[in-house]
Amino acid sequence: MRYLTIVSLFTLLISLPLQAAALPALYEAEVEVTDQGAGTRAEGMRTTMMAVLLKVSGSGRVAEDAALAAAVEKPASYVQQYSYRNEGKDRRLVLQVRFDPHGIDELLRQSGFNIWGDARPKTLIWLGVEDGGKRVLVGDNDRGLVRELIEREATRRALPVKLPGLDQTDLDNVRPADVWGEFLETIKGASQRYAPQAILVGRAYPVSGSRWEARWSLDYRGEILRWQSGSGEVAPLIAEAIDRVTDHVVSKLTESSANGSGEILMKVEGVRNLRDYRRVINYLKGTRGVNQVVAESMSIPTIRLRIVADGGMDALQHTISLGKTLAMVSQPLPPRVLTMMQAEPTSLSGDGDKGEGKYSIGADVPELPEPMLIGREEPPQPDLVYRLMP
């Protein structure tokens with residue numbers, strides 16, 4: 001199979017451009033089925049449940065776990081809803097299943113897996129393919145099968161990917177020879193316009209009439225991971241590359257979390273009343289991957305929180321950056337040192353009116369700590385400092 005043949009024969013395959021930050025629904029999956037019978041539906045639910053476990057955990061080890069395998073044999077207890085639809089000119093029957101997020105999360109945690117959530121690094125893919133001595137780059141607007149394979153495999157692992165647009169700016173900065181020679185500094189410079197968190201550079205080439213090989217380099221957090229792969233088809237090479245990237249990223253996030261205490265100390269500024277406090281707490285509690293939020297202290301307009309989150313601090317930072325509630329403070333202010341005195345009571349009424357320093361908290365948010373005696377000893381430095389956005 002030759003790449004140029006793939007491109008020319010599949011130009012009629014129309015698909016949308018890959019979106020840099022787009023993620024498939026993590027708790028939904030679909031599979032083609034032959035009929036709507038109960039037995040066929042049960043088998044389809046088992047297949048889609050395993051696909052969801054793979055996406056939510058980000059770990060390729062889910063298929064090897066005995067406890068998860070046993071749960072997958074009884075998928076109905078985790079199903080939230082399902083539906084059928086006909087697809088394509090041949091009206092193929094597709095079963096679409098949505099699973100209960102809470103049930104899936106608990107199942108994974110009980111088996112020792114983290115919940116990856118929405119904090120997923122955007123990976124920019126520079127892929128060069130050789131055919132008959134000619135080397136070409138695969139771009140975002142390519143309508144060939146290779147691009148379709150990348151999109152399909154990235155969806156399977158719920159990894160947000162991006163191919164370069166290969167407009168004049170890209171072509172001025174990166175040539176096929178740069179990808180082939182693995183000139184990473186050149187490629188990294190040209191990649192800045194896409195703001196990726198990871199860069200995957202690949203070169204695929206035929207070595208015989210029926211075999212392809214590929215060399216890959218992944219730049220993630222400044223660490224370079226290299227590997228080679230071979231297959232009789234292009235598709236397995238793409239699938240293996242996406243699997244490697246996803247598993248490597250997840251292992252790094254897990255490693256980061258395991259090396260720490262699991263707790264993250266956060267300071268949030270700009271919290272001026274009870275309404276602001278509720279907004280911060282409810283936002284963090286609703287952030288996927290956050291398991292616990294404890295209010296440690298409060299001195300208007302600042303609150304200090306202890307947070308436990310899957311994936312540790314990096315994952316939490318990335319997730320927060322996707323929203324519009326909290327903005328990171330680049331240079332945290334040094335903690336104030338007060339003489340022995342009680343913090344002055346401050347109104348926390350929802351409307352911001354002056355009160356007597358008393359407040360009540362609804363069941364949906366943790367109680368505010370009472371004003372604390374603060375001495376000359378400085379409180380621990382926060383791991384993260386944010387400001388509440390308007």
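1. Leu54 is a residue of helix α2, and in this predicted model its relative accessible area is 14%, so Leu54 counts as buried, the limit for that term being under 20%. Once its neighbours within four places in sequence are set aside, Leu54 is in contact with Ser59, Gly60, Val62, Arg156 and Arg157.

2. On the α2 side the contact is made by Met49, Val52, Leu53, Val56 and Ser57, and on the α4 side by Ile104, Asp105, Leu107 and Leu108.

3. Three strands form an open sheet in the order β1-β3-β2, and their pairing is antiparallel. The edge strands, each of which pairs on one side only, are β1 (28-33) and β2 (79-87), and the twist from one strand to the next averages 25°. Strand β1 is joined by six bridges to β3, residues 92-99, the two running antiparallel, and within this pairing Val31 has Leu95 of β3 as its bridge partner. Helix α2 touches β1, β2 and β3 as it packs on the sheet, and the direction of α2 makes about 140° with that of β1.

4. How enclosed is strand β4 by the rest of the structure? Eight of the nine residues of β4, which covers residues 123-131, are buried, so this strand is largely enclosed. In general, strands of a sheet pair through backbone hydrogen bonds, either parallel or antiparallel. With strand β7, residues 198-208, β4 pairs in the parallel sense over seven bridges, whereas with strand β5, residues 134-138, β4 pairs in the antiparallel sense over five bridges. Two further bridges join β4 to strand β6, residues 161-162, and here the strands run parallel.

5. Val129 has Ala204 as its partner in β7 and stands opposite Val136 in β5, while Leu124 stands opposite Lys162 in β6. The hairpin of β4 and β5 has two residues between the strands, and in this hairpin Gly132 takes a positive phi near 55°.

6. Which residues have the most contacts inside the largest nonpolar core? That core has 31 residues, and those with the most contacts inside it are Ile125, Leu127, Ile150, Leu200, Trp216 and Ile238. Two or more residues are given to this core by each of β4, α5 (145-157), β7, β8 (211-220) and α9 (234-258), and the largest share, nine residues, comes from α9. In soluble globular proteins, nonpolar side chains tend to be buried together.

7. Apart from neighbours within four places in sequence, Leu127 is in contact with Val136, Leu137, Val138, Val146, Ile150, Gly202, Arg203, Trp216 and Ile238. A second, separate core of 27 residues includes Leu68, Leu93, Leu95 and Ile115.

8. A further open sheet is formed by five strands in the order β11-β12-β10-β16-β13, with mixed pairing. Strands β11 (290-299) and β13 (326-328) stand at the edges with a single partner strand each, so one side of each is left without a neighbour in the sheet. Ignoring direction, neighbouring strands of this sheet are turned by 30° against each other on average. Eight bridges join β11 to β12, residues 302-309, and these two strands run antiparallel, with Ser299 standing opposite Thr302 in β12.

Key. Residues are numbered from 1 along each chain as its sequence is written. This is a predicted model: local features need pLDDT of at least 70, side-chain atom pairs count only at pLDDT 80 or more; totals for chains, interfaces and linings use all residues. Side-chain values use heavy atoms; hydrogens and water are left out. Buried means under 20% relative accessible area, exposed over 50%, partly exposed in between (1.4 Å probe, protein chains only). Helices (H or I, at least four residues) and strands (E, at least two) are DSSP runs, numbered from the N terminus. Two strands pair if DSSP finds at least two bridges between them. Axes are lines fitted to C-alpha atoms, for helices over the stretch in contact, and angles run from 0 to 180 degrees between N-to-C directions. Contact means heavy atoms within 4.5 Å. A nonpolar core is a set of buried Ala, Val, Leu, Ile, Met, Phe, Trp, Tyr and Cys residues joined through side-chain atoms within 4.5 Å.
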